[in-house]
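Please look over the following model before reading the notes on its charged residues, helices and backbone angles.

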Amino acid sequence: MELKDSEVEWQFRCYKQLIKLSFSEGDYDAALSWLKHVLSLAPNLSQGYLEESLSRMISRYSNISNADFIEQFYKTILEQKEYINDRVWLKIKSNQLSSLIDSGINDKYHIGKSGIDSVESLLREIQTKLLHVPDATRKLFNLEIIAAEMEFLFQTKTLDLFRMNRLYKQSLKSTTAVTHPKIVGIIKECGAKVHFFRQDYERAKYEFYQSFKSYDEAGGSTNEKKNKNLKYLALCSLLTDDELDPFQSQETQTFALNNPDFDNLKSLIHAYHSLSIHELQLVLNNDPLFRTDDIFVHAAMQLQKNLRLNLLLKLIAEADQLTFVDLIATLDLDSFSDLEDLLSKLVSRGQLKDVKIDYVKGIIFSKDVCTNLLRPTSARSIYYNIKFIDSLWGRDQLRVTKAGTESRTESGSGFGSGLETRLESGLESGLEGSVEPTDEMMQVDSNPSLLFATGELAGSFTSSSLANKLFFLIDRPQSPPDWFPAIEKWYTYVMSALPKPYKVQMSHNEQVVQEQQKFIADSNAAKASASAAAAAAARGQELANFNTGLLNSTIGGVGENVGGGVGTGTGTGTGTGIGTGTRDDGFFAGNSGSGDNIDDEDESEITLVKRVDLLKTWVQTLTS
C-alpha cells in the first residue's frame, strides 16, 4: 500500500520518537530495530529532510559510553548506501575518527600498532573521499578532519614536524564561516608547536595564547588541554625574556591563581628572573613534565643555557677579573668546554666587545683592564706601521748600496737606529694602534739615501717584506699611494671577521626603573637649583643692603668734609659752600664751595682722589 507524503512524514516522526524512548530506557536493541524502520522510509522522503534528520540523530546518539551501540548505529545507517549522501557519510566517519582518538590513545606504546593503523586507515579513507566531493562539502569537513589528524599526532606523541607543518598550512588555506572553538584550539596548538621547535618562540607564544583562549571558550573536556597550553605559554614567555608574568593577565589570572598545577612554573619564573641556577634545577627535578613532555624537555635545556648566559654577563659586568675555575663553580658547569661554549656564544653576539679573554691562563678581564687589540685605522697608517715592522725584522738583511747608507745604519745615527728606538719603546708601552708618520718617515720614499727607497731602487718593500705577503699584488707599487687601495681592501676583509656590535635592548622593567631614576634625579636637581637660587638671592640682597649702607655712609662723610668750608673768592663773584647735604647730594653739594687759593682744577683733582679712596675703602671692607 502506497502512503501519501504527509503520512510517510508522520510515520517517520513516530519511528524517531520510538527510537528516543527505547534509547532513554536503555533498550538499545529496540532502538536499533526502530532505526531500521526509519531507514525503510528513506525512498519516500526528500533528500534534504532525510539528511537533516539523520544528522541530528547522529549528533544525539554519538555521545554515549556504549561503544557497541554506537558502532551498530553507524553500521546500520551506512548500509543504506543508495540513500546516504556524502555529508552524512563524512559526518559518521568523522565521528568514528574522533571516537577512536578520544577513547584512549594516550601513548602509542600502550595502544599498540593495530590501534594506530586503524586510525591511519580511517584517515586515508576520509581524505580520499574528500577529493571527490563538492567544494562546499569539502570546506564543511576539511578543518574538522585536519584537526582530528593533529589531535592524533598529539595523543600518540608523534613529533613529526614535517607532517604537523603540512597540516597547519592546510588549515590556514581552508576557510569556513563558523568553526568550533575546540577545532581552532587544536589548530593553534599545532602551529605553536611547529614554531616552538623551530625556535621561533615569539610566534609560538602568540599561538599558544590563542589556543588557550579557544579551549577556554570551548569548555567541557578541554580543561586539561587548556591547562597544558597555559604552561607552554609560560615557558615561551621565559624563552623570549618577556618581563610580563603570563599568570597575571586578565584571561589567565583567575584560572591559575589557586591552581596547584602551576606552583612549579611560578617557582620556575621566580628562579629564572632572580638568576638562581640551583633553584631552577630544583624546580626542573621536581616536575615530571620536564622529563616526559618534549616541549618541557626542550625548554628546560634552553632555559638553563639562557640563565647561565645572563648570569655570566652579570658576573663579567660586576668584576674586573674572573677566573674560569670560579665561573665553572658559580655557573654549575661540568667542564671548561661548556664555559668556552658560553663565551663563544656571547662573543658571536657581540656582547663581549670590551672584554679580554685569556684562554691559556683561564682569566677574563673586564673593559677597565683590557686593551683594544684591533681598532679601525687608515690605509696610510697601516702602510707606515708595516714599514716599522719591516725595519725591525729585516734591518740586518736589508741594505741599499748607496753612498752613506750602510754607515748611517751601522752607526745608529741615521733613520734606522732612531726608528728602532722609537719602535721598541712604542711596542714595550703597549702600542697596538696606528703610528702617525713623522716628517722623517715621510722623507723615506723620496730620499734614496734612507733605508726604504723608491724609484730606481724598486720601491719601498722587498719581495720578502710583510706587505707583499699580506696584499698579494701582481704589480709592485712604486709609491705609497699605490699601496693604499690594496691595503683598504685587505683591511675591510679583516674587519669583516669581527662580530657586529650587539645592540642591547632594555627590558620593560629596566626602562621603568631608568625613567624613575631620571625623574628622581631631575626632581632633586630642580630642588637643589631652586635652593641655590634662593640662597644666592638672599645673600645678594644681604650684600646689597650692606653695600648700600656702606656707600651712603662713606659718601655722606666725604660730602660733609668737602662741603663744610666757607670762603670768599677773588674773582668776578663769590661762592658759598653748603656742608649740610643729604646722603645722595652731600658730596656734590660740598664741591660747589670755594676757599682761599683753591681753583677749579685743584678742586677736581681732590674730588678724584676722594673717589679712589672711597673705592679702596669699600673693597677692603667687602674682602675682610
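Predicted model: local features only at pLDDT ≥ 70, side-chain atom pairs only at ≥ 80, totals over all residues.

Residues are numbered from 1 along each chain as its sequence is written, and side-chain values use heavy atoms, with hydrogens and water left out. A search of the whole structure finds 16 salt bridges, a salt bridge being a side-chain nitrogen of Lys or Arg within 4 Å of a carboxyl oxygen of Asp or Glu.

- E52 forms a salt bridge with R56, and the closest N and O atoms of the pair are 2.8 Å apart.
- Both E52 and R56 belong to helix 3 (residues 47-61), where they are four residues apart, about one turn of the helix; helices here are DSSP runs of H or I with at least four residues, numbered from the N terminus.
- An α-helix has 3.6 residues a turn, so residues three or four places apart point the same way.
- E52 counts as partly exposed at 41% relative accessibility, whereas R56 is exposed, with a relative accessible area of 55%; buried means under 20% relative accessible area, exposed over 50%, and partly exposed in between, with a 1.4 Å probe and protein chains only.

**Salt bridges between helices**

- In the pair formed by E149 and R163, the closest N and O atoms of the salt bridge are 2.8 Å apart.
- E149 lies in helix 7 (residues 135-155) and R163 in helix 8, so this pair ties together parts that are 14 residues apart in sequence.
- Both partners are buried, E149 with a relative accessible area of 4% and R163 with one of 15%.
- K225 forms a salt bridge with E189, for which the closest N and O atoms are 3.4 Å apart.
- Because K225 is in helix 11 (residues 223-239) and E189 is in helix 9 (residues 181-197), the pair ties together parts that are 36 residues apart in sequence.
- K225 is buried, with a relative accessible area of 17%, and E189 also counts as buried, at 3% relative accessibility.
- Salt bridges that share partners join E120, E149, R163 and R166 into one network.

**Positive patch on the surface**

- K169, K173, R198 and R203 gather in a patch of positive charge on the surface; such a patch is made of residues with over 30% relative accessible area and no salt bridge, like charges being joined within 9 Å.
- One of these residues, K169, lies in helix 8 (residues 161-173) and is partly exposed, with a relative accessible area of 47%.

- Helix 11 has 17 residues and reaches 25 Å from its first C-alpha to its last, close to the 24 Å expected at 1.5 Å a residue; the expected span is 1.5 Å times one less than the number of residues.
- Helix 11 is mostly covered, as 14 of its 17 residues are buried.
- Just after helix 11, D241 takes a positive phi of about 55°, although D241 is not a glycine.
- D241 sits in the loop between helix 11 and helix 12 (250-256), and at 44% relative accessibility D241 counts as partly exposed.
- Q199, likewise a residue other than glycine, has a positive phi near 65°, and its place is in the loop between helix 9 and helix 10 (201-218).

How values were computed:
Patch = residues over 30% accessible without salt bridge, like charges linked within 9 Å, V, L, I, M, F, W, Y side chains within 5 Å. Areas by Shrake-Rupley, 256 points an atom, 1.4 Å probe, with all protein chains shown as cover. Lys, Arg positive; Asp, Glu negative; His and termini not counted. Charge placed at Lys NZ, Arg CZ, Asp CG, Glu CD. Helix = DSSP H or I, 4+ residues; strand = E, 2+ residues; numbered from the N terminus.
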